[in-house]
Amino acid sequence: MSEVLNILKKKKIQLFFLFYVLLLLPLLCPFAQNFSFIDKVAVFVVCGLLFAAIWALSLFISSKSEKIIYSVMLAISVIPGSIYLAYLLFARVMLEQNSVTSLFETNPEESKEFVAHYLSIWVIVGVLIYAAIPIVMICTMKPFTKLKIRDNKPLFALSIVTILCIAGVDRISRSVYFINFYKTFVSYKIRTNYEIKTIKERQKEDYTVESVRQDTTPLTIVVVIGESLNKHHMSLYGYPRETNPLLSQLGDSLIVYKDIVAPQVHTIPVMRSILSMAEPEHPGYFTEKPSLYELFNRGGYGTYLISNQEFNEDCKSSYDILLTLAEKKYNVAAYKQHDDIILPVLDRIFNKSANSKKNKLILIHLIGNHMAYEFRYPKEYIIFNYKKDNLVADAPFRDDKAKKTIDKFDNSVLYNDYIINSIIHTLKDLQKEDAVMIYFSDHGEELYDYREFAGHAYEKVSPAMSEIPFIIWMSPSYKTKRTDLVFDDRRPYSTEDFIYSLSDLAGLRYKDYNDSRSLFSREFKIKERFVGEKKYKKIKEKFGEGIMNE
Ligand SMILES: [Zn+2]
């Protein structure tokens with residue numbers, strides 16, 4: 001025992017080092033608003049045990065080896081540590097599993113803009129200090145005489161078993177931030193490789209998709225997926241600022257759905273959900289059942305993708321594999337332009353296929369209203385100014401900077417109005433075809449609605465992030481033909497089931513089709529809606545209406 005005490009005296013710095021790397025985050029954990037008391041205790045207990053086990057094990061190694069091991073530990077923990085700490089200190093949340101996955105998937109351009117929005121000199125200084133402190137500790141560690149294993153076998157064995165249990169058992173290791181970070185990365189890589197391989201292979205297998213449309217007029221369906229649009233900032237939904245001057249003129253020909261929510265509040269999980277039949281109870285359906293493009297390809301449609309969000313045929317994101325199934329793909333994101341870049345591409349598609357009798361599905365993925373908002377519109381759209389129109393409601397958490405941000409967001413909503421209206425006009429010009437346009441946002445966006453926060457993050461999920469605009473325009477000829485469909489704009493729905501609604505609108509039937517999950521079906525059934533793992537109803541109860549409509 002006295003031997004251990006002697007070593008302890010010489011290893012004070014080592015003790016501080018381990019404390020710093022392993023216990024700093026758990027100690028700050030009580031700040032996390034998204035963690036329950038039990039979660040916080042679990043993190044603290046698991047990290048505390050790991051701290052004790054590594055400390056005990058370190059008594060058996062030489063001081064030189066210890067410095068090498070601690071340097072490696074620092075190298076692997078500093079990046080996840082800085083990210084977790086930054087989220088905890090600035091957003092008051094502990095990163096959750098699916099957000100860690102999102103970190104690996106987000107495209108570099110988008111991340112740059114995201115970082116630009118949140119980055120301040122204090123964040124940079126904080127990260128530098130955070131990394132420098134343990135480096136100084138390693139450099140000043142004093143040499144000591146190690147313990148002999150043969151004299152202390154139980155302690156040695158116990159510490160090894162503890163470390164292996166914590167690192168090996170999935171549920172336990174989630175509580176240790178850097179182990180969770182790397183494990184998530186590995187399982188994400190394994191999962192995506194499997195999905196890419198399986199989805200490619202399933203295209204060669206048989207799967208029958210039939211059309212129930214008797215009519216021979218070619219049908220064009222344009223699905224426009226927007227980005228981060230808060231519907232409460234659209235005058236179509238009652239916002240006092242006139243952010244939809246063009247769409248408002250379309251009157252009754254536009255159906256504006258009032259109660260639609262997104263299945264998640266991040267682009268990638270939402271895209272995975274709307275493009276496939278995957279559902280929380282059956283995530284395996286992502287590969288086991290056909291996805292959106294596959295259904296339309298098999299149903300005889302010409303399929304197109306125009307994307308102003310980074311899309312990669314080498315499948316860098318876990319939904320790219322579903323997009324690569326489109327027959328023709330136009331990746332316009334590389335030009336880094338505003339969303340009007342999609343309009344000439346759309347014209348080109350129609351010009352090229354002017355004499356074709358084939359039905360078409362065109363999916364347009366906009367950069368929409370993504371942060372940082374001022375990059376989303378040309379300067380002619382710098383319109384709104386809260387000081388002049390007094391239409392941005394006051395709140396204790398809305399300072400001048402927040403109100404300016406709301407101005408910028410509203411400019412981007414106004415620009416989005418122009419884009420959607422232009423798409424509809426292009427469709428109106430198609431003389432010999434029936435046409436449908438559906439626009440919805442992948443998820444919503446919070447804009448200082450309940451607190452000092454703008455953006456979207458699952459850890460802070462709120463109604464403003466979950467509720468989405470959902471609008472449909474149809475050529476009058478098509479609307480009159482589809483008397484079998486019901487367009488009730490009050491139906492509560494989640495775009496998780498979008499694949500069934502689109503199939504219904506296109507008149508496609510296949511063995512996995514489910515009528516009760518189509519927004520337009522007579523057989524439609526209301527079901528409980530989830531945003532990630534949380535019930536939408538509960539999110540709504542927690543936040544109420546905020547100050548959105550004042
Ligand atoms: Zn998004």
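Q: How many of the residues of β2 are buried?
A: A residue is called buried if 20 or more other C-beta atoms lie within 10 Å of its own, exposed if 12 or fewer, and partly exposed in between, with C-beta atoms placed from the backbone. In β2, 8 of its 8 residues are buried, and the strand is mostly covered. Please bear in mind that this is a predicted model, in which local features need pLDDT of at least 70, side-chain atom pairs count only at pLDDT 80 or more, and totals for chains, interfaces and linings use all residues. Residues are numbered from 1 along each chain as its sequence is written.

Q: Which residues of β2 lie on one side, and which on the other?
A: In a regular strand the side chains alternate between the two faces of the sheet. One side of β2 carries L219, I221, V223 and I225, the other carries T220, V222, V224 and G226, and the residues on both faces are all buried.

Q: What are the strands that bridges join to β2, and do they run parallel or antiparallel?
A: Helices (H or I, at least four residues) and strands (E, at least two) are DSSP runs, numbered from the N terminus. Two strands pair if DSSP finds at least two bridges between them. β2 is joined to β7 by 8 bridges, and these strands run parallel; T220 has A435 of β7 as its bridge partner. β2 also runs parallel to β6 (residues 360-365), through 6 bridges, and V223 stands opposite L363 there.

Q: In what order do the strands of the open sheet follow one another?
A: The order is β5-β4-β6-β2-β7-β10-β3-β11, an open sheet of 8 strands with mixed pairing. Its edge strands, β5 (328-331) and β11, each pair on one side only. I260 stands opposite I468 in β10 and has Y493 as its bridge partner in β11.

Q: Which strands does helix α17 lie across?
A: To describe such packing, axes are lines fitted to C-alpha atoms, for helices over the stretch in contact, and angles run from 0 to 180 degrees between N-to-C directions. Helix α17 (residues 400-428) lies across β2 (219-226), β7 (434-441) and β10, running at about 175 degrees to β2.

Q: Which residues of the largest nonpolar core touch the most other members?
A: In soluble globular proteins, nonpolar side chains tend to be buried together. A nonpolar core is here a set of buried Ala, Val, Leu, Ile, Met, Phe, Trp, Tyr and Cys residues joined through C-beta atoms within 7 Å. The largest has 101 residues, of which V222, V224, L363 and M437 touch the most other members. Helix α17 gives the most to this core, with 11 residues. A second, separate core has 25 residues, among them L25, C29, I54 and L95.

Q: With which residues is L363 in contact, beyond its neighbours within four places in sequence?
A: Two residues are in contact if their C-beta atoms, placed from the backbone, lie within 7 Å. With those neighbours left aside, L363 is in contact with V223, I225, Y304, L305 and A326.

Q: Why is helix α11 described as largely enclosed by the rest of the structure?
A: Helix α11 (residues 267-274) has 8 of its 8 residues buried, so it is largely enclosed by the rest of the structure. Its buried residues pack against α5 (97-105), α12 (285-288) and α20 (498-506).

Q: Is S175 buried or exposed?
A: S175 is buried, because 22 other C-beta atoms lie within 10 Å. S175 sits in the loop between α9 (170-173) and α10 (177-202). Not counting residues up to four places away in sequence, S175 touches A42, V43, V46 and C47.

Q: Into which domains is the chain divided?
A: Domain bounds come from an automatic or database domain assignment. This assignment gives domain 1 (2-190) and domain 2 (217-543), whose C-alpha centres lie 40 Å apart. The chain has 21 helices and 14 strands, and 40% of its 550 residues count as buried.
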